[in-house]
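Subject: Structure handover

Hi,

Here is the structure for you to look at. Please open it and keep it beside this email.

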Amino acid sequence: MDSYRFDPKRPAVPGETHILLAEDGQIYARIVQAVLNKAGYTLSWVDDGVKAYEAIRDGFRPNLLITDVLMPGMSGFELITRLKSENCLPPTIVLTGLQ
C-alpha cells in the first residue's frame, strides 16, 4: 500500500492522468488502486480528508479526486466544501461503503 501513498515531492508527469484517492479503508483503497492502475491511471492515496485537503491546498493538482464520505479528521463532504470555497476543487467522485 505504501507504494502509492501521496508524495508531495513527486513531480507531475506531463500527459499523465493523476487521481487522488482519499479513503481510510485500506482494503477499499487497494481495490480502487488495482482497477485504476490496470486502466492506466496514476493514483496517489491518503487515508483521511485532512491530508487530501492539505495536498491540494499546497499545490497538488490531481485530474480527479475520489473521496470517501466518512473519514477521520475531515469527512469527504467537508473536504469538498472547503476545496470548493477556495476555488481548487478538482472533478470529484464520492464513494461510500454506507448502506
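Predicted model: local features only at pLDDT ≥ 70, side-chain atom pairs only at ≥ 80, totals over all residues.

Residues are numbered from 1 along each chain as its sequence is written, and side-chain values use heavy atoms, without hydrogens and water.

Start with the sheet. It is open, with 4 strands in the order β2-β1-β3-β4 and parallel pairing. Strands are DSSP runs of E, at least two residues; helices are runs of H or I, at least four. Two strands pair if DSSP finds at least two bridges between them. From one strand to the next, the twist averages 20°.

Strand β3 (residues 64-68) pairs with β4 over 4 bridges. There, L65 stands opposite T92.

Now the helices. Helix α1 (residues 26-38) packs on the sheet and touches β1 (18-22), β2, β3 and β4. Contact means heavy atoms within 4.5 Å. The direction of α1 makes about 170° with that of β2. Angles run from 0 to 180 degrees between N-to-C directions, with axes fitted to C-alpha atoms, for helices over the stretch in contact. Helix α3 (residues 76-85) also packs on the sheet, touching β1, β3 and β4. Its direction makes about 145° with that of β3.

Last, V35 in helix α1. V35 counts as exposed because its relative accessibility is 54% (exposed means over 50%, with a 1.4 Å probe and protein chains only).

Best wishes

How values were computed:
Buried < 20%, exposed > 50% of the residue type's maximum accessible area, 1.4 Å probe, protein only.
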